[in-house]
Amino acid sequence: MKQLEDKIRKVGRPLSEHVLLVDMFLNHQVDCTLMRDIGREFARLFADAGITRVVTIEASGIAPSVMTALELNVPLVILKKARSVILDGGVIQTEVFSFTKQSSYQLTLKPEFVHVGDRVLLIDDFLANGEAATGAAELIKKAGGTVAGIGIVISKNFQPGLKRLRESGYRVEALAEIEEMGEGYVRFAGEAK
Ligand code: 5GP
């Protein structure tokens with residue numbers, strides 16, 4: 001998505017070869033016009049997938065997923081990150097290792113918010129190792145839903161997430177695919193070295 005790539009180039013800040021800071025437009029300050037267009041693009045890409053529900057992970061997935069759910073006219077469910085196992089029932093959880101925080105959390109869903117037979121579009125801001133998306137897909141399936149698609153705003157293709165999810169059989173669409181980055185530069189898929 002050209003508009004997104006331009007934004008990343010203009011205000012995204014590679015903190016290292018592995019972490020891109022996007023707090024200028026995605027997860028601290030939010031460019032709502034861009035989010036609306038991202039929502040439209042995901043809705044277009046998954047128009048044939050019979051989506052009945054959008055699921056995302058707090059907090060950075062919320063902005064793009066709200067716009068996607070709005071475009072598809074379906075409910076949105078936000079998976080929570082809990083510090084520890086919740087013992088007093090009513091939720092399902094799976095442990096996820098956070099790439100950015102380098103620690104684990106319990107991804108948490110009240111199963112009543114994903115129905116048996118739901119065709120879910122999972123949306124997240126970044127794909128690195130695929131841990132968060134894999135955990136989220138597990139919870140959706142445990143609740144009785146089908147992961148009909150995974151929409152990622154930014155995939156860092158030099159990390160294994162995209163390949164891993166596709167090899168697991170998921171239909172994954174990424175709006176910006178970064179092949180390589182470092183201080184002051186980003187190279188997207190399809191661009192020459
Ligand atoms: P994964 O689980 O695929 O290893 O990492 C994906 C999660 O880590 C995303 O939900 C995202 O919030 C966070 N993440 C991974 N890489 C980056 C990055 O380069 N920048 C930011 N801001 N978040 C990232």
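Student: Which residues come nearest to the ligand?

Tutor: Of the 16 residues around the ligand, the nearest are Leu20, Asp124, Gly130, Ala132 and Lys156; a residue counts as near if one of its heavy atoms lies within 4 Å. This is a predicted model, in which local features need pLDDT of at least 70 and side-chain atom pairs count only at pLDDT 80 or more, while totals for chains, interfaces and linings use all residues. Residues are numbered from 1 along each chain as its sequence is written, and side-chain values use heavy atoms, with hydrogens and water left out.

Student: What does lysine 156 do with a nitrogen atom of the ligand?

Tutor: A polar side-chain atom of lysine 156 is 2.7 Å from that nitrogen, a polar contact being a pair of N or O atoms within 3.5 Å.

Student: And which backbone atom lies 3.1 Å from an oxygen atom of the ligand?

Tutor: A backbone N or O atom of glutamate 131 does. For glycine 130, a polar backbone atom is 2.7 Å from an oxygen atom of the ligand.

Student: Changing topic, how many residues has the largest nonpolar core?

Tutor: The largest nonpolar core has 30 residues. Such a core is a set of buried Ala, Val, Leu, Ile, Met, Phe, Trp, Tyr and Cys residues joined through side-chain atoms within 4.5 Å, where buried means under 20% relative accessible area (1.4 Å probe, protein chains only). Those with the most contacts inside it include Leu4, Phe25 and Ile38.

Student: What does isoleucine 38 touch?

Tutor: Leaving out residues up to four places away in sequence, isoleucine 38 touches Met1, Leu4, Pro64, Val153 and Leu175, with contact meaning heavy atoms within 4.5 Å.

Student: Which residues does the second core include?

Tutor: That separate core of 28 residues includes Val77, Leu79, Ala132 and Ala143.

How values were computed
Buried < 20%, exposed > 50% of the residue type's maximum accessible area, 1.4 Å probe, protein only. Polar contact = N/O pair within 3.5 Å; in protein donor to acceptor, adjacent residues only side chain to side chain.
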